[in-house]
Amino acid sequence: MSLAALQKAVARALMQPLTGDERMQRIGPRGEKMRAYAARYIKPNDRLTSFERLEIYNRQYWFRVLASMAEDFPGLRSVLGGQRFESMCKAYLAECPSRSFTLRNLGARLETWLRNNPSWIRNRRVLALDMVRLEWADIQAFDGLAKPAFRSEDLCELEAVNLQLGIQPYVQLLELHYPVDDLLLEVKHGDETLDFASNAVQERRKRSKVRAVATLEPAQIFLAVHRLDFAVYFRRIEPEDFFLLTALRSGKSIERAVELAFRKSAVPAADRAAFVQHSFQTWATLGWFCRPGEKVRGENPREKSKDTDHG
Amino acid sequence: MPANRFNNFTDYGIGIGLRAPHYDHILTRKPVVDWFEIISENFMIDGGRPLHILDRILEQYRVVQHGVSMYFGSAGRTDREHLRRLKDLVKRTGTPWVSDHLCWGSVDGRYTHDLLPMPYTFEAAKITAQKIREVRDFLEVPVAVENVSSYAEYHVSEMTEWEFLNEVVERADCGILLDVNNIYVSSRNHNFDPLTYINSVPADRVAQIHIAGHSKFHKYTLDTHDHPVIDPVWKLYDRAIRRAGHTATLLEWDDSIPSFQEVHDEALKANRFLAETQLGVAV
């Protein structure tokens, strides 16, 4: 048997979902009994059958990827509930296994997958999708590329006509239908202190999270997920800010971006210059501007790093 | 002997793995540590805090890169994006050598994120050696391969694990990151004498040594990196450095990580054995 054939056969078995009680399934990848399947490739020893040896890897695989999803999407877990979240993750990972060399990217396709498989989020579809988008933006903002910040001297090198500005790749812009930023911060704050909490406190927190999800009212918000001093922040911005930043990022000139930002705005025409000036000052202070230019590698980073060494 | 072409003729002492819970301690207290080993993949990113921390560490310490997902033994092609990012990091850290595992873990672009044991066949040795050469030539630094701990063996194997290791490193002309804890764990799971393994390793290819703790279960032993090093593993370490000489040694502690001081103290226990080897090397 070739190396490639053996690896395909073993990978197929160990990536097969576990049973409800977290054991390896009795039926193998092609409807064959797993005992026979395992015995064909794996040697038994004096303590473990071939099935049991393969099962160690099968369980390790699922424990690792499920732990990674739980770590990356605590907000979605709160929205769906623990059990449903885990079932959803199993279904997602069965269809969308990792295609990256690091676990960072494990949830990269989750939003699209949920849109195509809405039954997993049927009761809270919009809320769940908002939360997934925010949590993925959080990951991207954490370790996304920061280009050199735009300096006033750089203006001299840019064309006066159709003047453009770049937006830092790590800044993520979101239009959302629920205030999921508040919810996620509450969830994360609870998780941070769990280690020190008693069982009673944990139970109260759990109830509090459930209450927070249940009572969350829809409200359109615009968010910039960014980082400052290497910490990620969720910054609420005005709709005009959002459209302005989005237009600048897409390569529109400053003039055109401002025009687009105020197309449906309620801000009086007389106040718009001051509005734009204030926004630009704030963003410049936060370091969000960079030189416009070609997209560089990693502008949408896809890998997530974790300490995963077991070597 | 220890400063050899597989560790770029360096003479590193005892290091520990750089882990997030220790960042603050290291950056504020600046403890004396000979070198840190980083998990390459944790820093193969575009920006943010991890790279900022790494740069601050690099200002004061020597760093060696250790990877977990190159999968030299996977039958498929090497991930070019992975290689390119790894090379960027090599330039950043100035690592004298890079290491990764003698294992497989990806199939047709799907990643298991595990270190899966190789079938010990000549075909596998040939494919694996070819990939190690490819990676080394691309990175332009020496490569050392680490023996993994394993819980399964294949019917198709044509040789022992140590024979396979020798076959691969000879074909690839690469170094070895000898993990003595992994040898111990695998010896328990596969019923072989760990000393036979240690004695079969080509000592002149050992670039680095790993030590770690593990967990024993009823029917098998698991490589968990969450305990101190046990005496039988120290004995294997003693034998390994008597053969290979005073070799760069790294303690791995990846789960239930205690204080920096506790981890460092555990690593420094290796000094007992290293001091003895300086009196003379036995083969």
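This report walks through a predicted model of a two-chain complex, from confidence to folds to the interface.

**Confidence**

For the complex as a whole it gives an ipTM of 0.94 and a pTM of 0.91. Chain B averages a pLDDT of 95, with 97% of the residues scoring at least 70. In chain A the mean pLDDT is 89, and 87% of the residues reach 70 or more. One stretch of chain A deserves a careful eye: over residues 296-311 the pLDDT stays under 50. For that stretch the model has 58 contacts beyond four places in sequence.

**The barrel of chain B**

Chain B holds a barrel that eight strands close, in the order 1-2-3-4-7-8-9-12 and with parallel pairing. Neighbouring strands of this sheet are turned by 30° against each other on average, direction ignored. Helix 9 of chain B, residues 260-268, packs on the sheet and touches strand 1 (14-17) and strand 12 of chain B. The direction of helix 9 makes about 140° with that of strand 1 of chain B.

Strand 9 (residues 206-212) and strand 12 (residues 249-252) of chain B pair in the parallel sense over four bridges. Within strand 12 of chain B, the residue opposite B:I209 is B:T249.

**The open sheet of chain A**

Chain A has an open sheet of three strands in the order 2-3-4, and the pairing there is antiparallel. Strand 2 (172-176) and strand 4 (231-237) of chain A stand at the edges with a single partner strand each, so one side of each is left without a neighbour in the sheet. From one strand to the next, the twist averages 25°.

| Strands of chain A | Bridges | Sense |
|---|---|---|
| Strand 2 and strand 3 (residues 221-228) | Five bridges | Antiparallel |
| Strand 3 and strand 4 | Seven bridges | Antiparallel |

A residue pair can be named for each. The bridge partner of A:L174 in strand 3 of chain A is A:L223. Helix 7 of chain A packs on the sheet, touching strand 2, strand 3 and strand 4 of chain A, and its direction makes about 170° with that of strand 2 of chain A. Further along, A:V225 has A:F234 in strand 4 of chain A as its bridge partner. Strand 3 and strand 4 of chain A form a hairpin with two residues between the strands, where A:D229 takes a positive phi near 50°.

**Helices of chain A**

How do helix 1 and helix 2 of chain A cross? Their axes come within 11 Å and cross at roughly 145°, helix 2 of chain A being residues 34-41. Helix 1 of chain A passes helix 2 of chain A in a left-handed crossing. Helix 1 of chain A brings A:L6, A:A9, A:V10 and A:A13 to the contact, while helix 2 of chain A brings A:Y37, A:A38 and A:Y41. By class, this contact of helix 1 with helix 2 of chain A has seven nonpolar, no polar and no charged residues.

Helix 12 of chain A, residues 272-286, has 15 residues and reaches 21 Å from its first C-alpha to its last, close to the 21 Å expected at 1.5 Å a residue. A:G287 follows helix 12 of chain A and has a positive phi, near 80°.

**Where the chains meet**

At the interface, 49 residues of chain A are in contact with 53 residues of chain B. On the side of chain A that touches chain B, the elements that give two or more residues are helix 1 (3-14), helix 3 (50-72) and helix 7 (125-143) of chain A. Which helix gives the most to this side of chain A? Helix 3 of chain A does, with eight residues. By class, the side of chain A that touches chain B has 24 nonpolar, 13 polar and twelve charged residues.

Notes: Residues numbered from 1 in each chain as written. Chains lettered and ligands numbered in written order. Predicted model: local features only at pLDDT ≥ 70, side-chain atom pairs only at ≥ 80, totals over all residues. Pairing = 2+ DSSP bridges. Axes fitted to C-alpha atoms, helices over the stretch in contact; angles between N-to-C directions. Contact = placed C-beta atoms within 7 Å. pLDDT = per-residue confidence, 0-100. Nonpolar A, V, L, I, M, F, W, Y, C, P; charged D, E, K, R; others polar. Left-handed = near helix turned anticlockwise from the far one by under 90°. Expected span 1.5 Å × (residues − 1).
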